[in-house]
Amino acid sequence: MSAGDDVAGRFGTHCPVCGSALGDTEPRIDDATGRFTQSPSFRLEVDDSGGPGPAGWRVTMLAGNYPPAESTDPPFNPHSVDYVYLLCGDGHIFPDATPAFLGGTQRHRDVRQRVDDFNVVATVGSPAGGKTYLLIRTLHQNLDMRGSWHAERDPARIRARELSPLEKLPTRTWTDRYDMTRKDGTAIHPSGTESAAYPFGIMQRRFPRALTAIQAMVRKVVLDGGRRADNWGKGFRQPLVLRTDSGGHRTWTGIADLPGELFTEDGVNRRELRMLRSFDALVWVLDPAVAYSSRRWMRLVADPDLDESLQLGGNLRPGTVDKASADTVRVNREAIQNRIGEKITVIDGPLADAEGRPLQMLVTISKCDLIREALRRGCGLTGLGPSGDVLAGAATYLGFTLNRWAAGRATPDAGAGQLLGYLLGARHAPEEGRRRRVEQIAAGLIRHYSDDTEFWNLVHDGAETKVNIPAGSIAEHPQSLRIPSLDEHLDSARRPGSDGHLLLRDLAMSTVGCGLAFALGQRDALNSMHQEAWLTMRYFLCSPLTTVPVAKNDEQLRPRDPDDCFPPINERAAGLTQLLLAILERARR
């Protein structure tokens, strides 16, 4: 480590993902054995100058005074380092320096990386709920405005920084899996089965001998070293990483794709579940296909010319319906989906003991292509759940948002402010009048977006639209809401100081989304969450594959409509783009 290299100043002292030592943090020493009680952090230097063969490397333990280990075949050249990484005590990968990105007149400047803020996001949901497809599509959304002539002068523009090879490996792996789905229909396997999901798997794949050297050091200097060495890098998944710059502020965003099996009664990694309480945002993905209410309306969506097991396999994961009845699969996954809601709200659970620390709860309804198809068949949004649930959910979101705004805990844009002002009415207006106005707007939005074209415009196309809502009582007035286009929404979101603001397009999507989440069986859990002042509730409507898939066999998917195809990974979608903006809330300046 060079003199004056303030690692703690650039990265902090503890890993934001797992809490292990990071940088030159010195773990506590056990008095009886003289060993560290926890694994220290490591620096990995990579010399990639040897051509097409394996890269040279050197591993240095950043606590104590122990000699480094380095490769001999090929020999490590300390004067030809291309990438430098920090590995936390459990192996999570952070960029320390990237000389390989330099050239020309900049080749002599300091290449040490700086992180001004960490933003750690977890994604949870039932198995096969579409989390991986959702995340990989979301991470590839472009936040630049289309047709903007002044974008390069925008001080609040969110610019992505290039990731170094080890950082990008998990994202690259899932990108390749997505491309395989587009190419031949091969479905992405469960997230917990991919070796590159863990630091151990990444190191084993790229630097197996460096991994062996790290394990040897841990075995030698850490208390209970044999067990710690065997488990190094296997405790918490390596997040999917975005590094961004907004107004000169550098933010490291890590998104942990947690498997739905984590919430089963026999889930194997309880420690990973407990770490949810330290995250900045939680993306809870709801799967319409497994909700109890879906059994009825999905019959409308079914194609009578296709085998039922193939249709269900396209939405429940290929091969699963053949091994167990569709009802069994649905009931098991619905139970996990419901259990997540219970765990989020219970006191002393994975999240609720963090009361007081602001947390973004991003409830995301995936597979909205199924809902669009139901609307095409004449179902209507209110028909997607038990009687009254959709309208109750929409009114609940508007009502609690109104309360937050009135209490000074929400800052709306002009359109959202005008709507909330109408809902609030005069200072001494009776509460019954407010309730009627909330129900009026909720019913009007649900009625408008029950049209399949308008629903898809909200979910995917992102064009401007007008929602005309008539009055139904003496306490109400007709309303005409102009829902901005996605580009206009991006323009508002990118303005300096707009982070945390409530924008009208988000308000409309969240109102409809909360109604649908109620219909999908989460009414009790969401009612509890909305009453917690430390939670900021947002809802998103997304369709990563944009078209209803069916199973070709036990491994492959295809669009049910032979004239459709799965979209390119970076195709812009309104719901996914709005979700990405919310995930990057801490990165916006």
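**Terms and values**

Guide: Gladly, and let us start with a pair of residues: Val46 has Tyr83 of β4 as its bridge partner. This is a predicted model, where local features need pLDDT of at least 70 and side-chain atom pairs count only at pLDDT 80 or more, while totals for chains, interfaces and linings use all residues. Residues are numbered from 1 along each chain as its sequence is written, and side-chain values use heavy atoms, with hydrogens and water left out.

Visitor: What makes β1 and β4 a pair of strands?

Guide: Strands pair if DSSP finds at least two bridges between them. Five bridges join β1 (residues 42–47) to β4 (residues 83–87), so the pair meets that definition. Strands are themselves DSSP runs of E with at least two residues, helices are runs of H or I with at least four, and both are numbered from the N terminus.

Visitor: Why are β3 and β5 called edge strands?

Guide: The open sheet has five strands in the order β3-β2-β1-β4-β5, with antiparallel pairing. Both β3 (69–70) and β5 (93–97) pair on one side only. Helix α3 (residues 165–184) packs on this sheet and touches β1, β4 and β5.

Visitor: How do you know that Thr37 is buried?

Guide: Its relative accessible area is 14%, and buried means under 20%, exposed over 50%, partly exposed in between (1.4 Å probe, protein chains only). Therefore Thr37 counts as buried. Thr37 is found in the loop between α1 (7–11) and β1.

Visitor: Why is helix α2 called largely enclosed?

Guide: Nine of the nine residues of α2 (residues 131–139) are buried, so the rest of the structure largely encloses this helix. Among them are Lys131, Tyr133 and Arg137.

Visitor: What makes a group of residues a nonpolar core?

Guide: The name is for a set of buried Ala, Val, Leu, Ile, Met, Phe, Trp, Tyr and Cys residues joined through side-chain atoms within 4.5 Å. The largest such core has 135 residues, of which Ile371, Leu381 and Leu541 touch the most other members. Helix α18 (residues 504–530) gives the most to this core, with 14 residues. Apart from it lies another core, of 30 residues, including Leu87 and Phe200.

Visitor: Which element gives the most to the lining of the largest pocket?

Guide: That is α13, with five residues. Among the 32 lining residues, Gln360, Arg404, Arg409, Gly500 and Thr536 are the closest to the centre of the largest pocket.

Note on methods: Contact = heavy atoms within 4.5 Å. Axes fitted to C-alpha atoms, helices over the stretch in contact; angles between N-to-C directions. 1 Å grid on protein atoms, 1.4 Å probe; cavity = no way out; pocket = protein on both sides within 12 Å on 5 of 7 lines; lining within 4 Å.
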